[in-house]
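Hi there,

Here is the structure I promised to pass on to you. Have a look at it first, and then read my notes below.

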Amino acid sequence: MIQTILDALSFGGLYGLAALGIGLVFGVMRLVNFAHGELIAIGAYLLVITVPSLGLLAGIAIAVVGTALLALLMELGVFKRLRSAGPAVLLVASFGVSVFLQRLYEVIFGALPISAQVAPWMNGVIDIGGTTVTRGSIVTIILAMVLLVGMWFFIDRTTLGLQIRAASSDFQTARLLGVRSNRVIGAAFVFSGILAAAVAFVVVTQRGSVDPLFGVNITILALVGTVIGGLGSLQGAALGGFLVGSTISLLNAFLGNYRVYTYTWLFILVIIVLIVRPGGIVASRGTKERV
Amino acid sequence: MTLLKATDLKAGYGKVDVLFNGHITVEPGELVGIVGPNGAGKSTFLGAMAGSVRATSGAIELDGQSIVGRKPEDIVRLGLSLVPEGRAIFSDLSVDENLRLGLTGRRLKDGASAALKDVTDLFPVLTTHRDHQAGMLSGGQQQQLAIARALVSEPKVLLLDEPSLGLAPSVIQDVFGVLGRIQESGTAIVVVEQRAHLVMSIAARTLVMREGHVRATLTPDVAWDEEKLAEAYFGTGEDES
């Protein structure tokens with residue numbers, strides 16, 4: 001029972017981080033970045049490749065920096081050049097980036113999964129009040145909490161965070177006040193890359209391997225989270241992601257042998273939420289035109 | 001020396017121009033009005049000067065420096081602030097956060113806290129509601145917040161787009177009453193208004209716009225001359241430009 005609750009919390013936290021990464025970029029530029037999954041994948045590749053030889057801490061540092069750099073590269077190389085384009089063009093461009101990176105990973109790393117134990121101790125168990133629980137779920141919950149609180153602090157308490165909030169609700173007006181569009185968008189991409197690296201760390205320790213499509217599944221589900229949470233609201237994205245993740249985990253636990261129906265039930269619930277609150281759980285007012 | 005000067009300005013959205021012939025000169029500390037019917041290109045004119053609407057041709061000089069084609073976030077740093085129509089405050093953010101965002105566009109590094117104090121002296125109601133969500137303020141208070149937020153960057157020119165929109169008459173008097181005090185501090189103001197009398201009585205000059213052109217320049221003495229006003233607004237039948 002305790003393990004079920006911890007699993008739900010850790011899965012929720014994990015999807016919350018993924019959804020927040022997507023929500024950050026959507027907030028400032030109304031771009032649904034499908035290539036977020038490929039950020040998670042590069043984080044996992046970097047971990048699997050570097051950790052066995054350089055150790056865990058160095059590997060994590062390389063993965064975080066590398067993923068953030070790739071996120072910034074996407075913005076500078078592709079999205080920055082499409083500033084005056086409409087949302088549909090941006091959406092298709094992000095699909096393009098996503099597929100391009102998947103094929104690129106295939107060329108560089110091969111189509112078959114690469115395996116490595118990144119943090120095998122996370123799969124061990126510890127004893128809490130007579131029940132044994134996996135270390136991984138505890139570590140994931142702590143990691144998610146630290147990152148969510150850290151992001152909240154950054155968004156709520158720093159000047160750059162204030163500018164990101166302003167740009168998310170009305171980019172034109174924010175620019176009129178002097179908010180530098182490129183700087184704010186660049187920052188959103190960098191932070192979404194950092195969050196993607198954290199997601200990569202958790203997932204790769206669970207799976208023990210990485211392939212070119214590593215990040216696709218979690219990105220689609222996290223995207224569902226940002227939608228039911230309320231597109232354009234950062235709290236909504238994190239909350240929606242959390243709900244999706246914990247619901248998947250709980251459904252898996254309760255359905256037992258019928259867990260093939262987990263996603264059926266998940267999407268039935270998603271449809272109900274969207275019928276009741278079409279704008280998402282945390283409806284946002286910021287639907288004005290972007291840059 | 002002329003502070004702000006636009007000549008032969010064309011601007012619009014996408015491939016469609018809305019402003020065909022924007023002209024204005026503003027001296028330091030001056031208040032210039034722009035009036036005209038709906039769709040005359042008034043907001044587009046202001047937007048083109050602030051950089052939020054793309055200018056397709058023409059020249060804009062601020063303090064002798066060309067600003068045409070520059071980004072809005074750069075133009076505000078050169079000393080031109082626009083308060084857009086409909087106030088455009090960040091309703092989810094607090095009053096204080098809205099004001100602090102205004103500091104982003106400051107040219108000067110020092111004096112930020114003094115600038116914040118100056119505007120809250122000008123609009124004391126903002127101090128009372130400092131920590132409230134800006135969306136909870138009344139319409140008049142939101143307009144005051146939008147003007148205050150533009151002023152904390154200490155602009156040389158303040159552009160106001162229909163500050164009276166949606167406000168009760170008594171509240172309009174409050175908002176317009178402050179404009180004189182802003183002028184006294186040396187800031188030039190350009191006000192776009194639907195209510196022609198209101199702006200003409202306080203402006204040194206008032207431009208009348210129609211169909212994307214500046215058609216006439218009126219002085220305060222004709223503010224209540226309905227005939228002259230109607231003529232400038234609707235034309236005399238012949239095109240006088």
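**Helix α3 of chain A, and what lies around it**

Let me start with one helix: α3 of chain A, residues 56-77, has 22 residues and spans 31 Å from its first C-alpha to its last, close to the 32 Å expected at 1.5 Å a residue. That expected span is 1.5 Å times one less than the number of residues. Helices here are DSSP runs of H or I with at least four residues, strands are runs of E with at least two, and both are numbered from the N terminus.

Before going on, please keep in mind that this is a predicted model, in which local features need pLDDT of at least 70 and side-chain atom pairs count only at pLDDT 80 or more, while totals for chains, interfaces and linings use all residues. Residues are numbered from 1 along each chain as its sequence is written, and chains are lettered from A and ligands numbered from 1 in the order in which they are written.

Which residues of α3(A) are buried? They are A:G59, A:I60, A:A63, A:V64, A:T67, A:A68, A:L70, A:A71, A:M74 and A:E75. They sit on the same side of α3(A), because they cover an arc of only 155 degrees around the axis (the arc is that of the directions from the helix axis to the C-beta atoms). "Buried" means that 20 or more other C-beta atoms lie within 10 Å of the residue's own, "exposed" means 12 or fewer, and "partly exposed" is in between, with C-beta atoms placed from the backbone. The face turned away from the buried side carries the exposed residues A:L57, A:A58 and A:G77. On the buried side, the residues pack against α2 (36-54), α4 (87-109) and α8 (181-207) of chain A. Two residues are in contact if their C-beta atoms, placed from the backbone, lie within 7 Å.

**Chain A as a whole**

Chain A has 11 helices and four strands, and 51% of its 291 residues are buried. Its radius of gyration is 19 Å, which agrees with the value near 19 Å for a compact globule with 291 residues. This radius is taken over C-alpha atoms, and the globule rule is 2.2 Å times the number of residues to the power 0.38.

A:G232 counts as buried because it has 23 C-beta neighbours inside 10 Å. A:G232 and A:M29 are 203 residues apart in sequence, yet 9.6 Å apart in space, C-alpha to C-alpha.

**Chain B and the meeting of the chains**

Chain B has nine helices and 10 strands. Its radius of gyration is 17 Å, close to the 18 Å that the globule rule gives for 241 residues, so chain B is as compact as a globular protein of that length. Buried residues make up 47% of the 241.

Look at strand β6 (residues 80-83) of chain B: B:L80 and B:L82 point one way, B:S81 and B:V83 the other way, and all are buried. In a regular strand the side chains alternate between the two faces of the sheet. Four bridges join β6(B) to the parallel strand β7 (residues 157-161), where B:L160 stands opposite B:V83.

Finally, 16 residues of chain A are in contact with 21 residues of chain B. On the chain A side, α6(A) gives the most, with five residues.

Enjoy exploring!

Key. Pairing = 2+ DSSP bridges.
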